[in-house]
Structure formats: C-alpha cells, structure tokens
Amino acid sequence: MYLRHLQVTDFRSWEHVDLPLEPGPTVLVGQNGRGKTNLVEAIGYVATLGSHRVATDAPLVRHGCERALVRVAVVNEGRELTIELEIAPGRANRARVNRGAVGRPRDVLGILRTVLFAPEDLALVRGDPGERRRFLDELLVQRAPRYAGVRSDYEKVLKQRNALLKTAGKRRGEDPYALSTLEVWDNHLATAGAQLLAARLNLVADLGPLTSAAYAGVAPESRPVAKIGYRSSLGAALPADYGVPDGERADPEKLAGILLEALGASRAAELERGVSLVGPHRDELDLVLGDAPAKGYASHGESWSFALALRLGSYELLRGETGGEPVLLLDDVFAELDRRRRARLAEVAASAGQVIVTAAVEEDVPTELDGVRFAVSEGEVTRA
C-alpha cells in the first residue's frame, strides 16, 4: 500500500497544495510553523477520521473558511482508489470514493492504513487513560474497520444510559418506569461493550509481544522489560487469561454476561453518582517497565522508548496482517531521539513500503531514509 497523491484545500494553514508521492522514503523539510505537520495530519485523518493533535474538527479548517477538503489516491495491490473527505464543522462531513458518494464517512476506513509517530505520542505514556484507550481503539479500527461502528454504538448507548441514570438518580431510584428502562439500556450497553472489550483484549494479547520486542530494540541498554496489559473495570470477574499472549481469545457473548452482571451489582452506586461505572470507557491500558508502571516511574528517555515501541509494535502488527502494509508517518521525531533510538527507528522505516518523514533541517533525517525530498516554505511545497 502506498499514497500516490495528496491534495488539500483550506486544511489548517494550507489554502491549496498538490503533493505527488511514491513508494519508499519521502522527506518534507522546512522550518517549524511552515505546515509540514499539517500535511501529515491530513493523511492521518483520512486513515482514522481523527486528528492526532486536536479532539474536534473545527481547527482543521483554515481560518475564515467553511470547509476543508482532503483528497488522496491510494494504491494497494495494483488497484487505485481515490478518497475525498469534506470536513465541515457544524455540519455532517461527507466522503467520496472514486468520485462516488458513500453513505457515511466511516465507510472509507480501511482503504488507507497508517501508523503515525509524533511528539504528541509522549502522552501515551505520561497522559491520562483516555489517551491510551484512544490509541487502542484507533489501532483496532485500522485492524478491522467494522469496529468504528461498534465504538460509535457503544458511545451512543453510554450517553443515553448516563442521561437516564441522572434522571433516575434525582428521583432516588423510585421511578419504576425509569428503572425498567434502565434495564433495557443495561442490555444494550452489555452487548456493545462486550464486543469492544473483546476486541481490545485480543488486540492487547497480539500487540504485547511486538511492543516488548520493539522496546528491547530501541532501548537495549535498559534492563526492565516493557510489557502492556489490559486493566478492566470488571476487575476479578474478567478471566485472567484474556488479554495475555497465548491466552484464550476473548468471547463477546461470555463477556456480555459478565458485564451485565457487573452493571446490576453497581446499580446503587451508579444511581447515586449519575454515571456508568462499569464498561470499556472506564478501562486502562497498563504500561509496565519491569515491575513498575511506566507512568510516574519511567525516565524521559524510557518514556520516549515506550511510546516508540507502541508505534513500532502497531506497525509490525498491521504489516503482518491482510489489508496492505500501512504507510509509516514520522512527524518531526528524529530530533527528539538519541543516536541509538534514531538508528533503530531509521532501520524499521527504511524497510517500509512507504514512509513520509518531516524534519526542520536535513541533518535530522538519517541517511537510511535517502529518498524524495520536498522543501516546505510559506504556502508552498517544492521538490528539492
């Protein structure tokens, strides 16, 4: 899989740009603030329908404009597909594939797969649990696009259930109709939540060994072994062999029963607090170095190594499965890494079918990534 062309209109700082691309390394070089990251962000948005920098779409549209357009041509196993996304904050976004409209923007997911490593990834280690849940879910959707629908369904059910809990809680749980309706939403939450939970557990089981191996490669001088695990709000009710390498594959039907039972057990506390206390939205991806949690214990270098290992593990996972080798996006990261980590990342990147790198200066780009160069200046991209 590779990108043959990128075109953006009124996206971030760019009024318009056409960028021809080809397999192998492509390097975008320019001073900070010239829009290099914006181009990488546009590519990542097509793959995930989200930005790695902001939580909403509004900042993606150039100031003073009503919408932004991103168009890419993707070649996979000899077949080319053109994806066009119209980003319109306050209105429904629209998508086209080969100039034909699709029912929902998420129908384009899976056509382009990317793995992006950026300075913001340090939040995977040092940030809140929501950052790590988002990492899992975005990787899950790239692995199997249908989970975008599962995730959306879960979030809708959760919103409705929380609203009902607040209403019923104000009446101190004395409204029979509200309580019977809550039981209906319990079943919906258990069904959708079990599908998402099972997929996450199986993902962590597959990603764990790859992440550990990647960490050992980028930080061979580090004695602690890097491990990842899944901590569920179900606690001890969750089978211990779920989410571990070579363990039992998680079963959504079995998990739905466990989740439904847990919802019943937490009913009183949920009514009192007016929020759902059990489910994937309360779960955590544990990052462990040796016997200690990486967050709060890992040094700056170890945190960078762990973040890099998560991305490299993700890349190896996706490239080993059907759907096409992902495009590797490296946004201004070589300047942040020491010599050993730079060399390991360059080694992996050089083996990629396509890698797109941004850098402020040429000296930040390893010689292994000698390929097509573009100079990025104010409002212009030119081939160097």
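Biologist: What percentage of the 384 residues of the chain count as buried?

Modeller: Of the 384 residues, 52% count as buried. Buried means a relative accessible area under 20%, exposed means over 50%, and partly exposed is in between, with a 1.4 Å probe and protein chains only. This is a predicted model, in which local features need pLDDT of at least 70 and side-chain atom pairs count only at pLDDT 80 or more, while totals for chains, interfaces and linings use all residues. Residues are numbered from 1 along each chain as its sequence is written, and side-chain values use heavy atoms, leaving out hydrogens and water.

Biologist: How many helices and strands does the chain have?

Modeller: The chain has ten helices and 15 strands. Both are DSSP runs numbered from the N terminus: helices are H or I with at least four residues, strands are E with at least two.

Biologist: What makes the chain as compact as a globular protein of that length?

Modeller: The radius of gyration, taken over C-alpha atoms, is set against the globule rule, which is 2.2 Å times the number of residues to the power 0.38. For 384 residues the rule gives 21 Å, and the chain has 22 Å, which is close, so the chain is as compact as a globular protein of that length. Along the principal axes, its C-alpha atoms fill a box of roughly 70 × 50 × 35 Å.

Biologist: Why is the pair of Phe-117 and Trp-304 called edge-to-face?

Modeller: The structure holds two aromatic pairs. Rings of Phe, Tyr and Trp (its six-membered ring) pair if their centres lie within 6.5 Å; planes under 30 degrees apart count as stacked, over 60 as edge-to-face and the rest as tilted. The centres of Phe-117 and Trp-304 are 5.8 Å apart and their planes are at 90°, so the pair is edge-to-face. The two residues are 187 residues apart, with Phe-117 in strand S8 (residues 114–117) and Trp-304 in helix H9 (residues 300–319).

Biologist: How do you know that Phe-117 counts as buried?

Modeller: Its relative accessibility is 1%, so Phe-117 counts as buried. Trp-304 also counts as buried, because its value is 4%.

Biologist: Why is the pair of Tyr-215 and Phe-306 called tilted?

Modeller: The ring centres of Tyr-215 and Phe-306 are 5.7 Å apart and the planes are at 55°, so the pair is tilted. This pair joins Tyr-215 in helix H5 (residues 176–218) to Phe-306 in helix H9, 91 residues apart. Both residues are buried.

Biologist: What makes H9 largely enclosed by the rest of the structure?

Modeller: Of its 20 residues, 15 are buried, so H9 is largely enclosed by the rest of the structure.

Biologist: How do you know that the span of H9 agrees with what it should be?

Modeller: The expected span of a helix is 1.5 Å times one less than its number of residues. The 20 residues of H9 should span 28 Å, and its end C-alpha atoms are 29 Å apart, which agrees.

Biologist: Why does Arg-311 count as buried?

Modeller: Arg-311, in helix H9, has a relative accessibility of 17%, so it counts as buried. Contact means heavy atoms within 4.5 Å. Not counting residues up to four places away in sequence, Arg-311 touches Val-115, Leu-116, Phe-117, Asp-121, Leu-124 and Phe-135.

Biologist: What makes Val-115 count as buried?

Modeller: Val-115 lies in strand S8, and its relative accessibility of 5% is why it counts as buried. With the same exclusion, its contacts include Arg-311, Ser-314 and Tyr-315.

Biologist: How do you know that Glu-77 is exposed?

Modeller: Its relative accessible area is 79%, so Glu-77 is exposed. Glu-77 lies in the loop between strand S4 (68–76) and strand S5 (79–87). Although not a glycine, Glu-77 has a positive phi of about 55°.

Biologist: Why is Asn-98 called partly exposed?

Modeller: The relative accessible area of Asn-98 is 43%, so Asn-98 is partly exposed. Its loop runs between strand S6 (94–97) and strand S7 (100–101). Asn-98 is not a glycine, yet has a positive phi of about 50°.
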